[in-house]
Amino acid sequence: MACSGLCGDGMVKPGEICDDGDQFDNKGCKSDCTGLLPGFICTSGDIYNPSICSTICGDGIKAGTETCEDGNTNNGDGCSSTCLYETGWSCSGAVPDICSPICGDGIVVGTETCDDATQNLFGCT
């Protein structure tokens with residue numbers, strides 16, 4: 001008698017591509033265990049171990065716990081190498097995220113040569 005998969009039990013069985021232990025589209029594996037969600041990569045798992053999924057930062061797809069996605073893994077551009085917003089930047093929230101330095105916040109980032117925290121009242125432009 002062949003074993004059939006019970007999606008969401010954390011065990012990858014015949015008929016399942018992945019199984020991350022639940023039946024929700026939130027951790028990387030589709031809710032029906034037939035494939036991966038966009039922006040995720042998962043271990044294959046087996047009948048003893050669930051699939052372990054994580055996002056792919058820099059792939060241009062905002063997924064999982066990523067707060068931003070600018071299509072690269074560079075730090076210092078507003079969206080970090082781990083796809084989290086960086087301090088001192090204002091970002092669009094779109095994909096890809098476009099970030100600009102916040103002038104007047106007292107933090108020198110990006111193309112700013114100075115930031116006196118006064119929005120240019122004392123000659124810092």
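The structure is a predicted model, in which local features need pLDDT of at least 70 and side-chain atom pairs count only at pLDDT 80 or more, while totals for chains, interfaces and linings use all residues. Residues are numbered from 1 along each chain as its sequence is written, and side-chain values use heavy atoms, with hydrogens and water left out.

The protein chain contains four strands and zero helices, where strands (E, at least two residues) and helices (H or I, at least four) are DSSP runs numbered from the N terminus. The order of elements from the N terminus is β-β-β-β. The C-alpha trace spans about 80 × 20 × 15 Å along its principal axes. The radius of gyration of the chain is 21 Å, whereas a compact globule of 125 residues would have a value near 14 Å; the radius is taken over C-alpha atoms, and the globule rule is 2.2 Å times the number of residues to the power 0.38. Among contacts (heavy atoms within 4.5 Å) with a separation of 6 or more, 19% join residues 24 or more positions apart.

The accessible surface of the chain comes to about 7200 Å², and carbon and sulfur atoms supply 58% of that area; areas come from the Shrake-Rupley method with a 1.4 Å probe. Of the 125 residues, 33% count as buried, meaning under 20% relative accessible area with a 1.4 Å probe, protein chains only.

The largest nonpolar core consists of five residues, L37, F40, C42, C53 and A63. Such a core is a set of buried Ala, Val, Leu, Ile, Met, Phe, Trp, Tyr and Cys residues joined through side-chain atoms within 4.5 Å. Leaving aside residues up to four places away in sequence, C53 touches D20, K27, G28, C29, F40, I41 and C42.

Most residues other than glycine have a negative phi, and most peptide bonds are trans. C33, in the segment before β1 (40-42), is not a glycine but has a positive phi of about 65°. C33 is buried, its relative accessible area being 0%. C83 lies in the loop between β2 (53-55) and β3 and also has a positive phi, near 60°. The relative accessibility of C83 is 0%, so this residue counts as buried. The peptide bond from V95 to P96 is cis, with omega near 5°. P96 is located in the loop between β3 (89-91) and β4 (99-101).

Terms used:
Buried < 20%, exposed > 50% of the residue type's maximum accessible area, 1.4 Å probe, protein only.
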